[in-house]
Amino acid sequence: MTSELPFRLFDCDNHYYEALDAFTRHIEPQYRKRAMQWAKIDGKTRLLVGGKVNKFIPNPTFDPVAAPGVMDEYFRGRNPKGADVLQLFGELEPIRPEYRDRDARIALMDTQGMEGAILLPTLGVGMEQALAHDIPTLTAAFRAFNRWLEEDWGFAYQNRIFAAPYITLADPGNAVRELEWALERDTRFVVMVGGPVTTALGKRAPADEMFDSFWRLADDSGITVLYHGGETAYSKFLGEWGENDFTEAFRANAFRGLVSADALQDTIANHLARGLFHRFPNLRMASIEVGSAWAFHLFEKLTKSYGQVPHLYPEDPRETFKKHIWVSPFYEDELASLLRLVGPDHILMGSDYPHVEGLAEPASYIKDLQNFDYTPEQCQAVMRDNGLFLATRRPA
């Protein structure tokens, strides 16, 4: 597959499978029983978060685990036999070394023709809401997580593996200290999930001025802030529709695929409406593993809003978006329309490797671009140059 590419790719959506002690190895003793714990329940190893069984990932030990890309067709909207998720997973296999060892991952990247990759949480993006009621424990849990991450993966290992520490804004002072700590260790990216933030003062928009000290540091340091799909505060809305008000990955549910509430769309809309990018003009953001449909919906609303209340925006918010936001679409998205919307320099390739909903061969992403008539130069921009650009700090 790599022979098809005349360049070495940069994958903006790669994942590790967290070690069993990712949240516990470095947890401060006073929070040990309030944060993440492992327990045997009915003979199965379960993850307890805040004293409750957490169901975000059905098998949080990840051993055994499904092979990469086995649900590719399903996520392209094709399941003609109506197979359930367990059938689509196929036979599970022992966890591979490259899912948890950075040197094994580098060797794999060499065979995949991959120059660099952003490595992101699998379990970690589903944990913030489970501890939102206990902010001291929430912040302690992710301090521990980030120290495990730096120890096992590094934030810029060999300048090829860019693991992104997870930042919660729940305690603004802690968020600044975590970013300062990560910057000292050469982080290029940080990751968070979209939606309102639960703070000691109640729910707040992430563009609220109470978080400006964090955004100022992100702006000054020239890192890239990633918004990744995961469990957000929006899951609570589903309870009012008669659904579970928490996310269970791979639990088939028709309504969840149809509901219009979109935490990331509203997060970026709020950033634009509150002038975040004009307070911090060097700020760079990217959306990862939330697709691109939200961007079209938002642009439609921005067009009308700017026509109605132009005096409330320092400039056309669509132009602000195109300066500050990069979009990593699902490979099954309508990629030609995205190219017209944001241009080739603000689209990021992400394979979601080694997840079941991703690509078994990350380099095969180029086929989806070519199917929508991307030129060779545009393919290289999406699959290499744009990711490398964001992996370089660009201080204000």
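Tutor: The axes of helix H9 (residues 293–308) and helix H11 (residues 335–342) come within 10 Å and cross at roughly 45°. This is a predicted model, in which local features need pLDDT of at least 70, side-chain atom pairs count only at pLDDT 80 or more, and totals for chains, interfaces and linings use all residues. Residues are numbered from 1 along each chain as its sequence is written, and side-chain values use heavy atoms, with hydrogens and water left out.

Student: Why is H9 called oblique to H11?

Tutor: Angles under 35 degrees count as roughly parallel, over 145 as roughly antiparallel, 65 to 115 as roughly perpendicular and the rest as oblique. The axes cross at roughly 45°, so H9 is oblique to H11. The crossing is also left-handed, a term for a near helix turned anticlockwise from the far one by less than a right angle.

Student: Which residues of H9 and H11 meet?

Tutor: Ala 295, Phe 296 and Phe 299 in H9 meet Ser 337, Leu 338 and Leu 341 in H11, where contact means heavy atoms within 4.5 Å. These residues divide into five nonpolar, one polar and no charged. Ala, Val, Leu, Ile, Met, Phe, Trp, Tyr, Cys and Pro count as nonpolar, Asp, Glu, Lys and Arg as charged, and the others, Gly among them, as polar.

Student: What makes Asn 159 count as partly exposed?

Tutor: Buried means under 20% relative accessible area, exposed over 50%, and partly exposed in between, with a 1.4 Å probe and protein chains only. Asn 159 has 46% relative accessibility, so Asn 159 counts as partly exposed. Asn 159 is in the loop between helix H4 (135–152) and strand E6 (161–163), and its phi is near 55°, a positive value in a residue other than glycine.

Student: Is Glu 289 buried or exposed, and why?

Tutor: Glu 289 has 18% relative accessibility and therefore counts as buried. Glu 289 lies in the loop between strand E11 (284–288) and H9. Its phi is positive, about 55°, although Glu 289 is not a glycine.

Student: How do you know that Asp 262 caps the N-terminal end of H7?

Tutor: A side-chain oxygen of Asp 262 lies 3.0 Å from the backbone nitrogen of Leu 264. A polar contact is a pair of N or O atoms within 3.5 Å; within protein, one must be able to donate a hydrogen and the other to accept it, and residues adjacent in sequence count only if both atoms are side-chain atoms. Among the buried residues of helix H7 (residues 263–273) are Leu 264, Ile 268 and Leu 272.

Notes. Axes are lines fitted to C-alpha atoms, for helices over the stretch in contact, and angles run from 0 to 180 degrees between N-to-C directions. Helices (H or I, at least four residues) and strands (E, at least two) are DSSP runs, numbered from the N terminus.
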